[in-house]
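This report describes a structure chain by chain and then turns to what the chains share. The sequence and structure come before the discussion.

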Amino acid sequence: MIKIIDLKKSFNSKKVLDGVNLEMEKGKITVIIGRSGEGKSVLIKHIIGLLKPDSGDVLLDGQDITKMTERELNEVRRRFGMLFQGAALFDSMTVAENVAFPLREHAEMSEVALKKVIIEKLRLVGLKNVENMMPADLSGGMKKRVGLARAVAMDPEIVLFDEPTTGLDPVMSDNVATLILDTQRNLKTTYIVITHDIPLTYKIADKIAMLHEGRIVEQGDVDYMKSCPNPILRQFLEGKAEGPIKVI
Amino acid sequence: MRELFEIIGKWAGRVVNTSGGMALMLFQAFIWLFVPPLKLRNAFRQMEFVGVKSLFVVILTGAFTGAVLALQSYNALKRFGAESLVGPTVALSMARELGPVLTGLMVTGRAGSAMATELGTMRVTEQIDALYTMAVNPIKYLVSPRILAGVLMMPVLAVVTDFVGVLGGYFVGVKMLGINSGVYIGRTVDFVKPHDIFDGLIKASVFGLILSLVACYHGFNTMGGAAGVGEAATKSVVLGCVLILVADYFLTSVMF
């Protein structure tokens, strides 16, 4: 389980996270929603130790990630996979080399076994015969799928998703949502998704948390969030320009 | 007046920040070189990129520099009846100065800018963050092999530049200006000592360190999308070239 306690982070006197408190259950999909620029990516980068907070704790099974050395963090990071907003595929490598990358770095595997895992992970995300393609030759949706295949290549306990549907058309977005749901059900992994895509959120979330002005203003399951009267949440979920959220 | 001090203060702050960042990166890259597993494949790939792929440009540069040096020195030395010294002039200039310096400048333009662009693109497209999340240290994976390649391949390229430069000088001096071939080669062998060549190669190695470190530092710390990548490439070439010329002065004053 991941527990975030009173997490604060500022960049050049701009408060981005202002006391975030949140728990993410093991084996469940937690979706963190919020407007662009509200600090969702900053929050997710704290969870995997890419950023150090000004104060507060990120506990993974009771261990505080924020106090770890780089060596300890590297041990912890092997338990994570991450799908980046733009997939962050290594553009000098083929699809197969991308998926194999974490395995080559950390697992002692023969080339035959490696090839088997590559094909299996690509099949898991609905891709075949793309092993020798370069990332530049893939569509946005395919890149995300390859990114997901790479993220789950090491069979991680926790997978982080940074805006998994940004830049995709509605059909492909729904396809990625189904993929997230299917892979999570198959792998029984903890998924943490940050997004402002409401249909995706409703489709995949076991728990939703809304980040606004550096704090979690509301959290609960899909039914609770749909009926919650909090005006900030209502404005965001219903996509209205008028309301307590100011558009600058 | 206050504004002037503010500008000087900001500039000094940037200089200290950049120097400190580069020193730290160099230290980390050096330490990571010896931490197993060793990334030899990466290092060889970078050596090919810095060394083999720069061959053509350094051959062209060396050949024409040697040729023009022979032409200029012939015109000057002829006034004193010392045409026989064209060979040693070309060879010493190439081995001590022009070989390492011109190779450094050309490799900075070709490989240094490419390193900064590649790392900068990896930074803005989150590929460097992806390495961190996969528990792979980007300094070890990206920076150490590039610096190693710069330090090891620059002397090799400088030898090629020296050799081609001397050939270019020989061609102009002997074939075009009519200096006796035996005299040209004999005087060159008399004047050029092994330490002239070795000191030049040490210079080349230092220039390789400078150009690769500057390129990696600016690429690694790129901010702000495509414009940031362009800025990183420009900074790495400008600062790399300036530092090579500054380092050349100090190395020359110590070595020769």
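## Basis and burial in chain B

Of the 256 residues of chain B, 47% count as buried (20 or more other C-beta atoms within 10 Å of the residue's own; 12 or fewer is exposed, anything in between partly exposed, and C-beta atoms are placed from the backbone). This is a predicted model, in which local features need pLDDT of at least 70 and side-chain atom pairs count only at pLDDT 80 or more, while totals for chains, interfaces and linings use all residues. Residues are numbered from 1 along each chain as its sequence is written, and chains are lettered from A and ligands numbered from 1 in the order in which they are written.

## Architecture of chain B

Chain B contains nine helices and zero strands (DSSP runs numbered from the N terminus: H or I of at least four residues for helices, E of at least two for strands). Its C-alpha atoms occupy a box of roughly 65 × 55 × 30 Å along the principal axes. Contacts (C-beta atoms, placed from the backbone, within 7 Å) in chain B between residues at least 6 apart in sequence join residues at least 24 apart in 89% of cases.

Helix α4 of chain B, residues 86-124, bends by about 60 degrees at B:Met94; the bend is the angle between axes fitted to the seven residues ending there and the seven starting there. Because 30 of the 39 residues of α4(B) are buried, this helix is largely enclosed by the rest of the structure. Just after α4(B), B:Glu126 adopts a positive phi of about 65 degrees.

## Architecture and confidence of chain A

Chain A comprises nine helices and 10 strands, and 42% of its 248 residues are buried. The radius of gyration of chain A is 18 Å, in agreement with the value near 18 Å for a compact globule of 248 residues; the quantity is taken over C-alpha atoms, and the globule rule is 2.2 Å times the number of residues to the power 0.38. The C-alpha box of chain A is roughly 55 × 45 × 30 Å along the principal axes. Of the contacts in chain A between residues at least 6 apart in sequence, 65% link residues at least 24 apart.

The mean pLDDT (the predictor's confidence in each residue, from 0 to 100) of chain A is 90, with 100% of the residues scoring at least 70. Within chain A, confidence is lowest in helix α6 (residues 170-187), at a mean of 85, and highest in strand β3 (residues 29-33), at 94.

## Positive phi angles in chain A

Most residues other than glycine have a negative phi. A:Asp6, which is not a glycine, has a positive phi of about 45 degrees. A:Asp6 lies in strand β1 (residues 2-11) of chain A and is partly exposed, with 13 other C-beta atoms within 10 Å.

A:Ala87, also not a glycine, has a positive phi of about 75 degrees. A:Ala87 is located in the loop between β6 (80-83) and α3 (95-106) of chain A, and counts as buried with 27 C-beta neighbours inside 10 Å.

Leaving aside residues up to four places away in sequence, A:Ile192 touches A:Met24, A:Thr30, A:Ile44, A:Ile47, A:Ile158, A:Leu160 and A:Phe161.

Between the chains, 10 residues of chain B are in contact with 15 residues of chain A. On the chain B side, these residues divide into five nonpolar, three polar and two charged; here Ala, Val, Leu, Ile, Met, Phe, Trp, Tyr, Cys and Pro count as nonpolar, Asp, Glu, Lys and Arg as charged, and the others, Gly among them, as polar.

Definitions and conventions:
Two residues are in contact if their C-beta atoms, placed from the backbone, lie within 7 Å.
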